[in-house]
Amino acid sequence: MNYLFSLFINYLANFGVPKEISYVVFPILPFCIVACALIFVVLILVLAERKILALFTQRKGPNRVGVWGILQTIADAIKLLCKENIEPNVTDGIFFTLAPLIAFVPVMVCWGIIPFSNEFDFISISTSALLFSVVAIMPVIGILLAGYSSNNKFSLIGSVRAVAQIVSYELPIIFVILSVCILASSLNIKDIILAQVSVYKMFGWYIFPCFLGFVIMFVSSLAELNRCPFDLPEAESELVAGYNTEYSGMRFALFFLGEYAMLFASSAFIAALFLGGFISPFGFYLSEKLFANNILIQIFIYFEQAIWFFLKTFIVVFLIMWVRAVLPRLKSSDLLKFSWKFLLPLSILNFIYICIFKYVVLVGGIK
Amino acid sequence: MTNLLKTMEINLGPQHPSTHGVLRLVLELDGEVIKSCTPIVGYLHRGIEKMAESRSYLQYLPIVDRIDYLGGFFNSYAFCDCIEHIANVEVPEKAQYIRVLCMELNRIASHLLWLGTFMLDLGASSPLFYCFRDRERILHIFEELTGQRMMYNYFTFGGVRWNIPDAILDSISVFVADLPNCIKDYENIITNNPIFISRCKNKGVLSKKTALQYSITGPNLRASGVALDFRKSNPYLVYDKLNFDIAINSECDALARYKVRISELYSSLEIVRQCLDYIRQSNDEVINKTLKPVILNIPDGEYTSSVEAPRGLTSCTVKAGGKNPYRVKWRTGSYYAVQLLPELINNSEIADVMAIFGSLDVILPEVDK
């Protein structure tokens, strides 16, 4: 961020703006970037999901609004915005309105934590990996409130399922994150990514020593995101629409937006921990070759890093959508059993294995 | 009072994504465990039995297709068969083969739709599209043959309305050759899927005794280990000349019902193949013109015709007299399956309701009539 920050201050200083004001105004810039990028990415994700599912089921998917259906999501979004905000009579008024916001805002914070390139990390603290995992489960409070305040039995069951599910799948995730942190000797996501730079190029990524962890993390993320096969909180064949049964219009759109933005954030987190985040798979950056003599090469590299990051994230997103196309839904009791009796012990074993691996191979404990 | 505080009553339906229409289940939940279940039917009641009394036979014939919209041919056949028996009219053999061909194709279409919606109930969306893709081919064939996709009105008193053109026979043979590969595809993504098995294995166990007590018929009964298939036990039409197996499974659970229906797809294909061979080389009439449908006036009489429909035994009882039936009574398989629900889903979880209900293959128009 420092590079952008200095650019920003110098730019404003040209117009005679005092440094103090620049300091205060600066955070608005990353916020705007995150907000715009989030909306844009969600629009792409929704379209991508529909197109990918259509691909798997031999359909065409959206193809009417715009070329190749590109504007379909925008049309849907406008429709949602124009819809009446129906609020049932007996809801718990404040919480009913608050719930979508509580479910959405933490997702934006998550986006801020992820370092999209060496420079674009908006909330940079030394324990950002832990901060991410804490903030990432906060939407569940919104889901619980939504279920409680809707005064609808389907919503209530859905939200209770969501809480049980997210709490029980958080533990395997934490153990996997810890094992990656041990590999990188850091709790900062950017340091974890940079620790994956190695002479072996893409074989330095942590997916190779910690493949088991990647699988556990992937499965648990599916559960945390309420994605198939763990989409119990909104299992439409059982609970109508789960916790958002009573929501319509913009309130529903916020849940929807939050869900897809979280899908992207979680995938980005997986990409950062296991797929080397923003580092190039070739061991060098293409812009180093292409723009070798350009003064702005630094900026080009940052953007290239962001592109690599997005590509890797979309690979994870694609995997998640692929799973959705194939698998049926688990049962709620099986789901909890699967986490407590299988994933959690496995993730602890993985943690121990990574500790030994780190001690023996990387630190060179045995000479 | 304590019980009231502990349990939650929930209305599943009549407008609910997975009740296959308008079934209403009043469930008493303790957490997610179902303590009691009361099915309430009748939201789609159209008075199809009463309608018969004010209509001539010909006017009533298109209506019977609407009883089970996924198996129109079966209802149509049951009604025609009653009239033919009361009027004592022989149906030409080729017409009988065409009827069998249509009914077996219809059974395949119905089972395919069941497979898709069953998987959708379990949360898998892709199989639905695959099944609809293949079902669509059957519907295209039916549309070419009868002019309608689902409400065919093709069988008539004394035979079928017109002969099958050779082009349609060809497209049926192409379809029959293709379908086994498609079924293998479904099985690849469904049958050995651990999640699917965990959702279906030992869920909704329907013992032989209970099944017989509740008059369950069709694939549901055969999945409980009772080898009762009306095509074999009391052969109607030309089923006694055809060579086919009936699928039996004695595991009694939802998985067994799935397996039985999958093997029924294969046996129906086998029947279709044999019918195709006969129809190709036969030059018979397809309708016995002694009955004049428009001015049909048949002698007093009563007859019950039973058909092995995709959802169990469908039987039609007609008490005829003069220009319109005095009374028509329909018996359909789904109605009995719905009454079975409390027996099967008590003490299971809410997620199991969908697996069990879906595995019974209930469609509501057939229940309410």
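Modeller: Helix α4 (residues 72-87) of chain B packs against helix α5 (residues 93-121) of chain B at an angle of about 145°, and their axes are 8 Å apart. The axes are lines fitted to C-alpha atoms, for helices over the stretch in contact, and angles run from 0 to 180 degrees between N-to-C directions. Helices (H or I, at least four residues) and strands (E, at least two) are DSSP runs, numbered from the N terminus. On the α4(B) side the contact is made by Phe73(B), Phe74(B) and Tyr77(B), while α5(B) supplies Arg99(B), Cys102(B), Met103(B) and Asn106(B). Two residues are in contact if their C-beta atoms, placed from the backbone, lie within 7 Å. By class, this contact has 5 nonpolar, 1 polar and 1 charged residues. Here Ala, Val, Leu, Ile, Met, Phe, Trp, Tyr, Cys and Pro count as nonpolar, Asp, Glu, Lys and Arg as charged, and the others, Gly among them, as polar.

This is a predicted model, in which local features need pLDDT of at least 70 and side-chain atom pairs count only at pLDDT 80 or more, while totals for chains, interfaces and linings use all residues. Residues are numbered from 1 along each chain as its sequence is written, and chains are lettered from A and ligands numbered from 1 in the order in which they are written. Chain B has a mean pLDDT (the predictor's confidence in each residue, from 0 to 100) of 85, and 98% of its residues reach 70 or more. The model scores ipTM 0.78 and pTM 0.85.

Not counting residues up to four places away in sequence, Tyr303(B) touches Cys82(B), His85(B), Ile86(B) and Val318(B). Tyr303(B) counts as partly exposed, with 16 C-beta neighbours inside 10 Å. A residue is buried if 20 or more other C-beta atoms lie within 10 Å of its own, exposed if 12 or fewer, and partly exposed in between, with C-beta atoms placed from the backbone. Tyr303(B) and Ile350(B) are 47 residues apart in sequence, and their C-alpha atoms are 43 Å apart in space.

Val362(B), in the loop between α14 (350-360) and α15 (364-368) of chain B, has its C-alpha 7.2 Å from that of Arg311(B), 51 residues away along the chain. Val362(B) is buried, with 26 other C-beta atoms within 10 Å. Leaving out residues up to four places away in sequence, Val362(B) touches His20(B), Ser334(B), Ala337(B), Val338(B), Phe357(B) and Val367(B). Asp361(B) belongs to the loop between α14 and α15 of chain B and is buried, with 26 other C-beta atoms within 10 Å. Asp361(B) has a positive phi of about 55° although it is not a glycine. Most residues other than glycine have a negative phi. Lys369(B), in the segment after α15 of chain B, has a positive phi of about 60° and is not a glycine either. Lys369(B) is buried, with 24 other C-beta atoms within 10 Å.

Chain B also holds an open sheet of 3 strands in the order β1-β2-β3, with antiparallel pairing. β1 and β3 of chain B stand at the edges with a single partner strand each, so one side of each is left without a neighbour in the sheet. From one strand to the next, the twist averages 20°. Two strands pair if DSSP finds at least two bridges between them. Strand β1 (residues 8-12) of chain B pairs with strand β2 (residues 24-30) of chain B over 5 bridges; Asn11(B) has Val26(B) as its bridge partner, and Glu9(B) has Glu28(B). β2(B) in turn pairs with strand β3 (residues 33-40) of chain B over 7 bridges, and Arg24(B) stands opposite Ile40(B). β2(B) and β3(B) form a hairpin with 2 residues between them, and Gly31(B) in the turn has a positive phi of about 70°.

Last, the interface. The contact takes 24 residues from chain A and 26 residues from chain B. On the chain A side, the elements that give two or more residues are α8 (153-184), α11 (236-239), α14 (297-326) and α15 (332-362) of chain A. By class, that side has 11 nonpolar, 5 polar and 8 charged residues.
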